[in-house]
Amino acid sequence: MITALASRVEVIKWMEDFVSEKITELLKTVEDSWQPADLLPDATLDNFLNEIKLLRERAKDLSYDLLAVLVGDTITEEALPTYESWLMTIDGLPQDPNGPWMRWNRAWTAEENRHGDALNRYLYLSGRINMREMEASTQYLIADGFDLMTDNDPYRSFVYTSFQETATNISHRRVAQIAKREGDAVLAKLCGHVAADEARHAKAYKSFVGKIFEADPNEMMLAFEDMMRKKIVMPAHYMRELGVDMGKTFGHFTDAAQRIGVYTSADYTDILEGLIQEWKIEALTGLNEAGERARDYVMALPARLKRVAERMRIPELEYKFRWIAS
């Protein structure tokens, strides 16, 4: 344990070699990456129009809630400029464009950028979506920004990304499963590719936090506790449609996700339990009195959240999204 690394700046600097290893291990080169064009009809081929016709036929059978979740996921993915600029504001993160942290940021966002492109193109071709309404929601989300309550702190920020990337992996994977069940194997494959990316990204951010725990366990524990007290909010929590107040649409989107089991309160608790195990919170050493209290809070939290979840009712379908064509 490197207890001498007391300041966050020193810890982040100390991690540079580790981050370089993770770039190679957990991100793919452009040459080895899938692209949206690999998964959707190719306009250069003679059978392009027939492929679109088949895509639209399959999309006809997709349920209303699945479409709503898919649009919400797409809008979330397309707000990428906000996420990249947010990472650039983290205190203590070296700004050297050739350094490992900035190379990580660029390579991570480059992989993420494909997700919105692929999902957007699928929805456009499906004929089920009012694209202008969806595009307006994306513009709103980028323009409105967000507050993830990480206070520009690297420790809190990496707790957030560890949690959020795991949540998006779950969401895209479940959408893939439902799409396959509803007869759209192309959409299932597309969402499966996105989910696999998110799984790698989650693994990377979890490893960043694990490394920080080695160097600065007490401050990292306090940051983990603080984020869980605030509760992790999804990056699209300000989501809205035209004529709707900021954030109002997000609740309807999460209701749809709960109804079809794409992402539920139980998943939130499962992710937390996974992070507690991943970071070996129960066995941590080097904590002071405040750190021990923080650990006690985090260790007890899953049971509390489960009791709350047991009392929650799955919301009924009441809302009509402007995104979905009538």
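Predicted model: local features only at pLDDT ≥ 70, side-chain atom pairs only at ≥ 80, totals over all residues.
1. Start with H8 and H9. Helix H8 spans residues 154-181, and helix H9 spans residues 185-215. Their axes lie 7 Å apart, and the packing angle is about 160°. Angles over 145 degrees count as roughly antiparallel, so H8 and H9 are roughly antiparallel to each other. Their crossing is left-handed. The contact of H8 with H9 has 17 nonpolar residues, eight polar and five charged.

2. H8 also packs against helix H12, residues 265-278. Here the axes come within 10 Å and cross at roughly 130°. H8 and H12 are therefore oblique to each other. This crossing is right-handed.

3. Which residues in H8 and H12 meet? From H8 come Ser162, Phe163, Thr166, Ala167, Ile170 and Arg174. From H12 come Asp267, Tyr268, Ile271, Leu272 and Leu275. By class, the residues of this contact are seven nonpolar, two polar and two charged.

4. Now look at the largest pocket. The space in it is about 640 Å³. It is lined by 31 residues, and Met234, Phe250, Thr254, Tyr263 and Tyr268 are the closest to its centre. Tyr268 is also one of the H12 residues that meet H8.

5. Which helices each supply at least two residues of the pocket lining? They are helix H4 (64-78), H8, helix H11 (248-259), H12 and helix H13 (289-311). The lining has 17 nonpolar, 11 polar and three charged residues.

How values were computed:
Residues numbered from 1 in each chain as written. Heavy atoms only, no water. Axes fitted to C-alpha atoms, helices over the stretch in contact; angles between N-to-C directions. Helix = DSSP H or I, 4+ residues; strand = E, 2+ residues; numbered from the N terminus. Parallel < 35°, antiparallel > 145°, perpendicular 65-115°, else oblique. Left-handed = near helix turned anticlockwise from the far one by under 90°. Nonpolar A, V, L, I, M, F, W, Y, C, P; charged D, E, K, R; others polar. Contact = heavy atoms within 4.5 Å. 1 Å grid on protein atoms, 1.4 Å probe; cavity = no way out; pocket = protein on both sides within 12 Å on 5 of 7 lines; lining within 4 Å. Points joined across faces, edges and corners; volume = space filled by probe spheres on them.
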